[in-house]
Amino acid sequence: MTSIHEGITITSPDPERTALGLSVFGLVPYSGTEELMLRGAGNGPSVMIRQGQPTVPTSAVFYGVDLYSSNAELSADLAERAGWLARRPSAYWASGRPIIESRIHREDDALTVFAAQTDPALALKTRLDDHPEELHSDIVTTVWFVEEAAVAGEVEFWTKAMGLHLFEEPAWYDARSMAQLFDLPEPRRVGGVLFADDAGTHLLEFLYLEGAGILEPNASGVTGWQSIHFIREQMPDLMDARLIGKDAAERDLWESPGGVRFTVEEAGNDAGTDTA
């Protein structure tokens with residue numbers, strides 16, 4: 001059994017300001033820890049906000065997170081009133097069905113959130129299924145940009161070593177739609193591949209530009225999103241990963257072959273399961 005992104009780490013120069021900004025998406029502080037922790041109303045991962053400066057990624061960038069919205073236009077409006085910068089929702093197609101999505105970001109915290117108004121046939125079950133009157137689901141997906149050349153290796157690593165399942169095979173999204181969503185100077189195809197955990201409740205997504213290159217969350221090139229945390233019944237074979245140090249909870253911090261930063265622990269080890 002693999003639990004996908006049980007927790008997420010953010011680095012921010014002003015954790016309380018960052019927490020206030022994320023509250024527009026339903027993420028609220030909860031007690032029981034000395035760290036500044038946020039949790040949504042559903043079954044999404046916990047979010048730990050560390051004091052510090054957002055960093056420049058190496059070979060992959062933790063670009064942002066996805067949550068479902070019952071009204072992407074309203075999500076963008078409310079986020080703008082709370083100090084975020086929001087692209088007007090744009091439509092693109094995945095597996096023959098439409099997704100209406102707004103890319104919402106903050107320059108000061110270097111954070112990005114995608115509010116996705118998703119066709120039910122493409123969507124995972126979330127809190128919105130039982131509470132259609134609400135605007136946002138919990139965090140559904142963590143979104144990373146990797147180099148196109150790294151995609152095959154990442155698929156092998158996350159399915160074989162980490163035990164995730166392919167939710168959507170690698171595919172290309174329309175260049176014009178991606179130019180609008182990411183505010184690109186000219187149309188350029190963006191590819192994507194999605195992985196799910198055993199329960200099918202959360203997703204890990206890798207995006208990649210056709211040819212080479214990685215899109216940055218903002219002009220500075222830094223990102224406040226830092227790493228994701230997994231729980232496994234047994235520790236995986238991480239021979240193909242790189243140990244790069246410790247995270248805020250003093251757990252081993254790894255990078256996948258393509259540069260995705262993560263921590264992992266065995267189920268039943270309660271130390272740090274509410275942090276990332």
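**Salt bridges, rings and a hairpin in a predicted model**

I'll begin with Arg 88 and Glu 80, whose side chains meet in a salt bridge at 3.3 Å, N to O. Keep in mind that this is a predicted model. Glu 80 is partly exposed, at 37% relative accessibility. Arg 88 counts as partly exposed too, at 32%. Arg 88 also meets the side chain of Glu 73 in a salt bridge, with N to O at 2.4 Å. Glu 73 has 36% relative accessibility and is partly exposed.

How many salt bridges does the structure hold? There are 14. Another of them joins the side chains of Arg 17 and Asp 108, at 2.6 Å, N to O. Here the partners are 91 residues apart: Arg 17 sits in helix H1, Asp 108 in the loop between strands E8 and E9. Both are partly exposed, Arg 17 at 41% and Asp 108 at 35%. Through shared partners, salt bridges join Arg 17, Arg 106, Asp 108 and Asp 109 into one network.

Arg 106 takes us to the aromatics. Its charged end sits over the ring of Trp 84, 5.2 Å from the ring centre. Trp 84 is buried, at 2% relative accessibility.

The structure holds 17 aromatic pairs. In one of them, the rings of Phe 25 and Trp 84 have centres 5.2 Å apart and planes at 80 degrees, so the pair is edge-to-face. Phe 25 lies in the loop between H1 and strand E2, and Trp 84 in the loop between H2 and strand E6, so the pair ties together parts 59 residues apart in sequence. Phe 25 is buried, at 4%.

Phe 157 and Trp 158 are also edge-to-face, because their planes stand at 90 degrees, with centres 5.1 Å apart. Both residues are buried.

Now back to helix H1, residues 15-22. Which of its residues are buried? Pro 15, Thr 18, Ala 19, Gly 21 and Leu 22 are. These residues lie on the same side of H1, because they cover an arc of only 160 degrees around the axis. The face turned away from that side carries exposed Glu 16 and Leu 20.

Last, the hairpin. Strands E15 and E16 run antiparallel and are joined by four bridges. Arg 242 has Glu 255 in E16 as its bridge partner. Five residues lie between the strands, and Glu 250 in the turn has a positive phi of about 65 degrees.

Notes: Residues numbered from 1 in each chain as written. Predicted model: local features only at pLDDT ≥ 70, side-chain atom pairs only at ≥ 80, totals over all residues. Heavy atoms only, no water. Pairing = 2+ DSSP bridges. Helix = DSSP H or I, 4+ residues; strand = E, 2+ residues; numbered from the N terminus. Buried < 20%, exposed > 50% of the residue type's maximum accessible area, 1.4 Å probe, protein only. Arc of directions from axis to C-beta. Phe/Tyr/Trp six-rings, centres within 6.5 Å; stacked < 30°, edge-to-face > 60°. Lys NZ or Arg CZ within 6 Å of the ring centre and 35° of its normal. Salt bridge = Lys/Arg side-chain N within 4 Å of Asp/Glu carboxyl O.
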